[in-house]
Each structure stands twice: as structure tokens, then as C-alpha cells.
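Hello,

Please read the notes with the model open.

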Amino acid sequence: MENINLTHNLLTKIYNELNRDIFNNELPKIPIVLSRAFKKSAGVYIHVVNKNSRKVIPRNITISLHINHTLNSIVTLLAHEMIHLKDSLVNPDYCDPKYDPHGSFFQTESERIKSGFNINIEKIFKMNNGATLKGTINMVLFSIRGKKHMISCSDGYVVKIASELLDKFPNVLDEIYVVKVPKSDAESYTREFRSIKSAYPADDIWDLYCDNPKYDRTNLTNLIER
Ligand SMILES: [Zn+2]
């Protein structure tokens with residue numbers, strides 16, 4: 001199949017058609033963004049956690065330009081991200097660190113879409129550079145009193161950090177984003193990290209991993225308030 005020239009209009013049109021035909025128009029109209037920043041992930045569903053209700057608010061679906069898009073691949077890719085979007089709206093535990101976004105909900109939806117609409121949903125897409133995806137980079141991007149912070153962390157910390165921020169800074173937290181990006185190896189991690197860093201110029205950048213002894217409940221406050 002021939003490569004196609006992706007435009008925002010085309011993506012929006014396909015999104016709307018998939019929403020109507022496959023998702024019964026139940027998904028909100030969210031922006032579909034084309035990006036050169038994501039070099040290892042074909043598509044990413046980006047959402048925000050509302051600081052009061054703690055509900056997931058869909059932000060956008062970002063599609064990487066580092067993939068040879070055909071009409072078929074873009075339909076498959078958008079449908080894949082739209083399953084995540086639907087999942088985040090119907091399953092309250094979607095943001096739970098133990099929740100597998102490609103688990104039973106994803107598989108049931110994939111089966112439904114395959115049998116009903118003959119669209120094969122893949123978990124992983126082939127990038128132009130042939131990179132394979134292993135694991136996830138999690139980023140919590142947030143702003144407090146106008147100062148931007150970025151935390152990269154392992155799966156187990158995403159919700160912990162987000163809830164802690166929502167608890168401790170209910171009045172001064174301007175925004176909070178949770179970004180999950182598949183990663184392949186150390187080198188691509190560094191590149192991906194730099195891309196996100198340039199897209200979200202934070203004043204403070206921290207790495208927090210489960211085995212990092214620096215992390216405890218007071219640490220977060222100290223780091224922010226210093
Ligand atoms: Zn996925």
C-alpha cells in the first residue's frame with residue numbers, strides 16, 4: 001500500500017469516522033497531533049488527571065512522523081489509541097500503576113474491532129529506524145506557581161506522584177500531565193527524554209525509580225519548595 005501524506009484534516013476525518021463506525025460516537029472530539037518529537041513510539045494517547053475530581057481528561061492523540069504511514073497503518077494506529085482513550089474513560093483504575101493498558105479491556109476491544117470491522121489492532125508498530133519497543137517511559141509533567149517540573153519514573157510511581165501532587169498542592173498546581181512513552185533501550189530513552197524535555201521546558205527535572213532510595217513522601221515537597 002502506498003505511503004500517504006498525513007495532514008491534520010485527514011487524521012481528524014479518520015478519527016471521526018472511526019468514532020462513528022466503531023465507537024458509536026462515544027469518544028470526545030480531541031485534537032490529533034502530528035509530531036516529530038516521538039521517535040520510538042508510533043502513537044501516544046495523552047491525558048491529564050483533573051486535580052479535583054481525579055478523573056482522566058483526554059488531551060490529545062499524538063501521531064509520530066517517524067513511521068511510514070499508509071492508510072491502513074493510520075487507521076490501525078488511531079483505532080489502537082482510541083481503545084486507550086475509551087479505556088481511560090470507562091475504567092476508573094486506568095491510572096492505577098498495576099493496570100495493564102494492553103490487558104483484557106484492550107484485547108476484548110481488539111477482538112470486537114477485528115471481527116466486526118476487519119481491522120487488525122497491533123500492540124506494536126514498526127518504526128522507520130526499525131526500533132523495537134520494550135517497557136515504558138513515564139513522565140509526570142506539572143507546573144506549580146508557574147514553575148514547570150518534570151519527573152520521569154517507573155510504572156509504579158506515576159499514580160503515586162500524581163496523587164501526592166494533587167493532595168499537597170491543590171491550590172497552586174496549575175497543570176499536570178501524565179505521559180507514557182514506550183522505550184527500547186538506553187540510547188533511545190535518552191533521545192526520547194530529550195524530545196519531551198524540549199516540548200516541555202521544565203525548570204526542574206528529576207528521575208525517580210522504584211529502587212531509588214531518594215524517594216519518600218517528604219522528598220517531593222522538599223524538592224518543590226526548596
Ligand atoms: Zn498502546
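**Helix packing**

Helix α2 passes helix α3 in a right-handed crossing. A crossing is called right-handed if the near helix is turned clockwise from the far one by less than a right angle, and left-handed if anticlockwise. The contact is made by A79, I83, K86 and D87 on the α2 side and by F105, F106, E109, S110 and I113 on the α3 side. Sorted by class, this contact of α2 with α3 has 5 nonpolar, 1 polar and 3 charged residues. Ala, Val, Leu, Ile, Met, Phe, Trp, Tyr, Cys and Pro count as nonpolar, Asp, Glu, Lys and Arg as charged, and the others, Gly among them, as polar. Two residues are in contact if their C-beta atoms, placed from the backbone, lie within 7 Å.

The two helices, α2 (residues 71-90) and α3 (residues 104-117), pack at an angle of about 130 degrees, and their axes are 10 Å apart. Axes are lines fitted to C-alpha atoms, for helices over the stretch in contact, and angles run from 0 to 180 degrees between N-to-C directions. α2 and α3 are therefore oblique to each other; angles under 35 degrees count as roughly parallel, over 145 as roughly antiparallel, 65 to 115 as roughly perpendicular and the rest as oblique.

**Basis of the notes**

This is a predicted model, in which local features need pLDDT of at least 70 and side-chain atom pairs count only at pLDDT 80 or more, while totals for chains, interfaces and linings use all residues. Residues are numbered from 1 along each chain as its sequence is written.

**The chain and its core**

The protein chain has 6 helices and 7 strands, in the order α-β-β-β-α-α-β-β-α-β-α-β-α from the N terminus. Helices (H or I, at least four residues) and strands (E, at least two) are DSSP runs, numbered from the N terminus. Among contacts between residues at least 6 apart in sequence, 72% join residues at least 24 apart.

Of the 226 residues, 29% count as buried. A residue is buried if 20 or more other C-beta atoms lie within 10 Å of its own, exposed if 12 or fewer, and partly exposed in between.

The largest nonpolar core has 37 residues, and those with the most contacts inside it are L78, A79, V140, V158, I161 and A162. A nonpolar core is a set of buried Ala, Val, Leu, Ile, Met, Phe, Trp, Tyr and Cys residues joined through C-beta atoms within 7 Å. Elements giving two or more residues to this core include α1 (8-21), β4 (134-144) and α4 (158-168). α2 gives the most, with 7 residues.

**Single residues**

S152 is in strand β5 (residues 147-153). S152 has 22 other C-beta atoms within 10 Å and is therefore buried. Its C-alpha atom is separated by 9.3 Å from that of V179, 27 residues apart along the chain.

R59 lies in strand β3 and counts as partly exposed, with 16 C-beta neighbours inside 10 Å. R59 and L85 are 26 residues apart in sequence and 9.7 Å apart in space, C-alpha to C-alpha.

N24 lies in the loop between α1 and β1 (32-35), and N25 is found in the loop between α1 and β1 too. N24 has a positive phi of about 55 degrees although it is not a glycine; phi of N25 is near 60 degrees. N24 is exposed, with 8 other C-beta atoms within 10 Å, and N25 is exposed with 11.

Regards
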